[in-house]
Amino acid sequence: MLYADTIAALATPPGVGGVGIIRVSGPQSLTIAQAIIKPRRKGAWRSYQMRYGHVIDEQGMVVDEVLAVFFKGPRSFTGEDILEIHCHGGPLPLRRTLSLALAHGARLANPGEFSLRAFANGRIDLAQAEATLDVIEAQTNLGLSLALDQLGGGLSRDLRSLREQLMYPLAYVTALTDFPEDDVPSEELLPPLRQAHSLLSQLLAGADQGVVVREGARAALVGRPNAGKSSLMNALLRTERAIVTAIPGTTRDTLEETANLGGIPVVLIDTAGITETDDVVERIGVERSRAALSKADLVLLLIDGSQPLSAEDLAIAQLTHERPTIVIATKADLGQHADLTPLNQAHPALRGSIAISSQAGTGLDYLGTMVAEQLLGGLPLSDARLVTNPRHRDALRRANAALEQAIQGFQEGRPVDLIAIDLHEAIASLGEITGETVEHDLLNMIFSRFCIGK
């Protein structure tokens, strides 16, 4: 599907930089290039060849010195003719160059419209389009690796294989339903359905882990004042982000920063020490600490390991009983004097304990591994392809439920028209991921998340 209009937008972030790129896509791309760019050397515009020259306004005045490249469709990102103009990265030359492109036949692109055209023209499927955004927003090397695999079509290939395995059983039961008078030969369909179910189960097995890698998680650092929360946060971030003093109550409010722990972007929430206080400001900080605790995916309960376990420590531990918790005995460089046995025995959601020293760096790497494994469900990272998008996970779950119904239907001898409904639902749910059976409203919702120019 080729669009009749031409779109243009700034493809690089706004602001000041070395280079800024104006992207144009549509049938007027070459006309716009010829109208606003004066190449240093004369000659026809050729696809994939960078040209040096100047952007010229209507009065013949130079707007900017540029490099420009023309991509002849369909061998381009959108499948249409594309022009990219590489300007100096200042707001003024970029704004004036974009205005000239708009004045010569283009309109300003909507958010995600370039990627939407690539999808509509068959250059990428919907899963790959979403992976484009995931590559841009990746916060860890692991997240980037998974996004690049999806962008390269890894997940799409698995889904095509699944759909192909289900299409023949669907065609068979449809033939039995539509042509009951014909002598349709008997077929054994359970083996291919079970094989498809096995592959679908593998994709689902790592989906929860994949979503955590993509979207990250929240870990609240809680404990009594001066337990070492801010010191641990600084050590995990490898920067002096939180103020650290020997004075209890230094942290009066929650502080959030993202750290890469085991390949997972973890939002660390440094909270005010939970204690009884008459200080109005400190009391507000304690209440915010309790609120952060209730919303955390994982709690890091810090105990001052250089001192005996106190009643205050046990009271704070009670507040964490409904959340997965790792107990951390801090200040290991000062000697271990806290007996964690009462916590280990009484905490219903305890996920382990560790002694660390933020000052010396002792135990920090292992702590990062513990945090990552707990956020991944207490298991090592799956070796299977990880589905990272919650929308994809939901579609896979629906496909799996429908396929299980179809298999059960064959086993119980249900009418084939009911089995056909289940198989059709499974195939349609898989098609939602790649965009083969997708609603227009869903497309608008997905591509609206993209920035203008992408």
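Predicted model: local features only at pLDDT ≥ 70, side-chain atom pairs only at ≥ 80, totals over all residues.
When I say that two residues pack or touch, I mean contact: heavy atoms within 4.5 Å.

Let's start with helix H3, residues 113-120. The helix is mostly covered, with six of its eight residues buried. Those six are Glu113, Phe114, Ser115, Arg117, Ala118 and Phe119. What do the buried residues of H3 pack against? On the strand side, they meet E1 (6-10), E2 (17-25) and E7 (106-108). The helices they meet are H4 (126-137), H15 (416-434) and H16 (440-447). Just after H3 comes Gly122, with a positive phi of about 80°.

Now the whole chain. We have 454 residues, and 49% of them are buried. There are 16 helices and 13 strands. Take the contacts with a separation of 6 or more: 68% of them join residues 24 or more positions apart. The chain exposes about 21800 Å². Carbon and sulfur atoms supply 53% of that area.

A word on confidence. The average pLDDT is 86, and 89% of the residues score at least 70. Where does pLDDT stay under 50? Look at residues 241-252. The model has 30 contacts beyond four places in sequence for that stretch.

Next, helix H5, residues 141-151. Its buried residues are Gly143, Leu146, Ala147 and Gln150. Why do they sit on the same side of H5? Because they cover an arc of only 100° around the axis. An α-helix has 3.6 residues a turn, so residues three or four places apart point the same way. Just after H5, Gly153 takes a positive phi of about 95°.

On to Met370, in helix H13, residues 364-375. Buried or exposed? Met370 counts as buried because its relative accessibility is 10%, and the cut-off for buried is under 20%. Leaving out residues up to four places away in sequence, Met370 touches Ile326, Arg351, Gly352, Ser353 and Ile354. Take Gly352. Met370 and Gly352 are 18 residues apart in sequence, and their C-alpha atoms are 8.1 Å apart.

Compare another methionine, Met50, in strand E4, residues 50-56. Met50 is partly exposed, at 46% relative accessible area. With Tyr52 and Leu67, Met50 forms a nonpolar patch on the surface. Together the three have about 270 Å² of accessible area.

Gln408 is in helix H14, residues 390-412. This glutamine is partly exposed, with a relative accessible area of 31%. Gln408 and Ile419 are eleven residues apart in sequence, and 9.0 Å apart from C-alpha to C-alpha.

Last, some backbone details in the loops. The peptide bond from Gly73 to Pro74 is cis, with omega near 10°. Pro74 lies between strand E5 (62-71) and strand E6 (82-89).

Which residues other than glycine have a positive phi? Asn226 is one of them, at about 65°. Find it in the loop between strand E8 (217-222) and helix H9 (229-237). Asn226 is partly exposed, at 32% relative accessible area. Lys331 is another, with phi near 60°. Lys331 is in the loop between strand E12 (325-330) and helix H12 (341-346). Its relative accessible area is 21%, so Lys331 counts as partly exposed.

Key: Residues numbered from 1 in each chain as written. Heavy atoms only, no water. Helix = DSSP H or I, 4+ residues; strand = E, 2+ residues; numbered from the N terminus. Buried < 20%, exposed > 50% of the residue type's maximum accessible area, 1.4 Å probe, protein only. Areas by Shrake-Rupley, 256 points an atom, 1.4 Å probe, with all protein chains shown as cover. Arc of directions from axis to C-beta. Patch = residues over 30% accessible without salt bridge, like charges linked within 9 Å, V, L, I, M, F, W, Y side chains within 5 Å. Salt bridge = Lys/Arg side-chain N within 4 Å of Asp/Glu carboxyl O. pLDDT = per-residue confidence, 0-100.
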